[in-house]
Amino acid sequence: MSKEVVLDCLGEACPIPLVKAEKALVKMAVGDVLIVQIDHSCAMKNVPEWARNQGHEVELEEVDDGEWECIIEKMK
Amino acid sequence: MTEGITRTSSRASARGGSRRKKKNQIPIALVIFVIIAGIGVWLGFKGENLLLYWVLGLAFGFILQRSRFCFTASMRDPYLTKSTSVTRAVLIAFAITSIGFTAIKYGYFANGLTIPGQSYIATISIATAVGALMFGVGMVIAGGCASGTLMRIGEGFWMQVISLFFFIVGSLWGAHDFGWWKRTFILGGTKVFLPDHLGWLGGLMTNLLIIAVLYVIAHKWEKKNSNQLSH
């Protein structure tokens, strides 16, 4: 059964959400879903691009004005 | 895009509960637009190109925000995420600017006029490299360079107000002691204006060639590192 992990990065400036997501993803199993909550506009480009580059499935959703959830499914 | 990730929970948002309804921002946008236009008309009557500066400043901010153009990311992401898309965008911007500046300067030169902006040719010395390194470290920690910090405050990211505060403190401090820095470190360097040494076309081509080499390296770096970082 796959897990869903929520990572709260609200209020964190640009490279921090990415570094946190990277660390969280290492601990997760293939098929698990990581939801990174971000409100720094730079991370909204940064995190999805990095995760796609790594070969994961990525979706970005604007849940509120200026707040996003980057949903990453660990693929490998 | 992918066909979608199956979420184990049926919640609409990880925050819990149903998704908050977004506020309609259009009335605010209209009010701000009217204020911007009003200031524009006022500046237009004051003259002295103020209206032009106002429009250019607004356009620059808008493009910066919409394009996610970030000088910090252009220098940081090649290390952190191995992505060089922003790096390459900055290089393209440099290439376009080089052509534009050369055209303007050559235009004045060809007509026998004083070349504008020559006082901005700064000396290069070890101080340039040390300063660049310090600025680079600072902007990654602060989460933005000068334009990026201003843009994100405009977006409503309050933490960056701290960056802006210390940016102002540092600038004032730097300005206060600038005479000493200038005498001690800066004036010892040499000034290089490429067209003086290589001719107008040679100077421009050298510039573009360096940018092209960096572009190719950036592209290769991203290709080499994509999809094979994790195992």
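Start with chain A, and with helix α1, residues 15–26, against helix α2, residues 43–53: their axes come within 8 Å and cross at roughly 30 degrees. Keep in mind that this is a predicted model. Angles under 35 degrees count as roughly parallel, and α1(A) and α2(A) are therefore roughly parallel to each other. The crossing of α1(A) past α2(A) is right-handed.

Which residues make that contact? From α1(A) there are A:Pro17, A:Leu18 and A:Ala21, and from α2(A) there are A:Ala43, A:Asn46, A:Val47 and A:Trp50. Sorted by class, the residues where α1(A) meets α2(A) are 6 nonpolar and 1 polar, with no charged residue.

The largest nonpolar core has 25 residues, and the members that touch the most other members are A:Val36, A:Ile38, A:Val47, A:Cys70 and A:Ile72. At least two residues of this core come from each of these elements of chain A: β1 (4–9), α1, β2 (33–38), α2 and β4 (67–73).

Take A:Val36 as an example. Leaving out residues up to four places away in sequence, A:Val36 touches A:Leu7, A:Cys9, A:Pro17, A:Ala21, A:Val47, A:Cys70 and A:Ile72. Of these, A:Pro17, A:Ala21 and A:Val47 are also named in the contact of α1(A) with α2(A).

Now chain B. Chain B has 9 helices and 2 strands. Reading from the N terminus, the order of its elements is α-α-α-α-β-α-α-α-α-β-α. There are 231 residues in chain B, and 13% of them are buried. Looking at contacts in chain B with a separation of 6 or more, 55% are between residues 24 or more positions apart.

Two helix pairs in chain B are on my list. As a reminder, two packed helices are described by the angle between their axes and the distance between the axes.

On the α2(B) side the contact uses B:Gly61, B:Leu64 and B:Gln65, and on the α6(B) side B:Ser147, B:Met151, B:Gly154 and B:Glu155. The classes in this contact of α2(B) with α6(B) are 2 nonpolar, 4 polar and 1 charged.

The other pair is α3(B) and α4(B). Their axes come within 7 Å and cross at roughly 130 degrees. That makes α3(B) oblique to α4(B). The crossing of α3(B) past α4(B) is left-handed. In α3(B), B:Phe71, B:Ala73, B:Ser74, B:Asp77 and B:Pro78 meet B:Val86, B:Thr87 and B:Val90 of α4(B). Here the contact of α3(B) with α4(B) has 5 nonpolar, 2 polar and 1 charged residues.

What lies in the loop between α3 (71–80) and α4 (85–110) of chain B? One residue there is B:Lys82. Its phi is near 65 degrees, which is a positive value in a residue other than glycine. Is B:Lys82 buried or partly exposed? B:Lys82 has 18 other C-beta atoms within 10 Å, so B:Lys82 is partly exposed; a buried residue would need 20 or more.

That is the end of my list.

Methods
Residues are numbered from 1 along each chain as its sequence is written. Chains are lettered from A and ligands numbered from 1 in the order in which they are written. This is a predicted model: local features need pLDDT of at least 70, side-chain atom pairs count only at pLDDT 80 or more; totals for chains, interfaces and linings use all residues. Axes are lines fitted to C-alpha atoms, for helices over the stretch in contact, and angles run from 0 to 180 degrees between N-to-C directions. Helices (H or I, at least four residues) and strands (E, at least two) are DSSP runs, numbered from the N terminus. Angles under 35 degrees count as roughly parallel, over 145 as roughly antiparallel, 65 to 115 as roughly perpendicular and the rest as oblique. A crossing is left-handed if the near helix is turned anticlockwise from the far one by less than a right angle, and right-handed if clockwise. Two residues are in contact if their C-beta atoms, placed from the backbone, lie within 7 Å. Ala, Val, Leu, Ile, Met, Phe, Trp, Tyr, Cys and Pro count as nonpolar, Asp, Glu, Lys and Arg as charged, and the others, Gly among them, as polar. A residue is buried if 20 or more other C-beta atoms lie within 10 Å of its own, exposed if 12 or fewer, and partly exposed in between; C-beta atoms are placed from the backbone. A nonpolar core is a set of buried Ala, Val, Leu, Ile, Met, Phe, Trp, Tyr and Cys residues joined through C-beta atoms within 7 Å.
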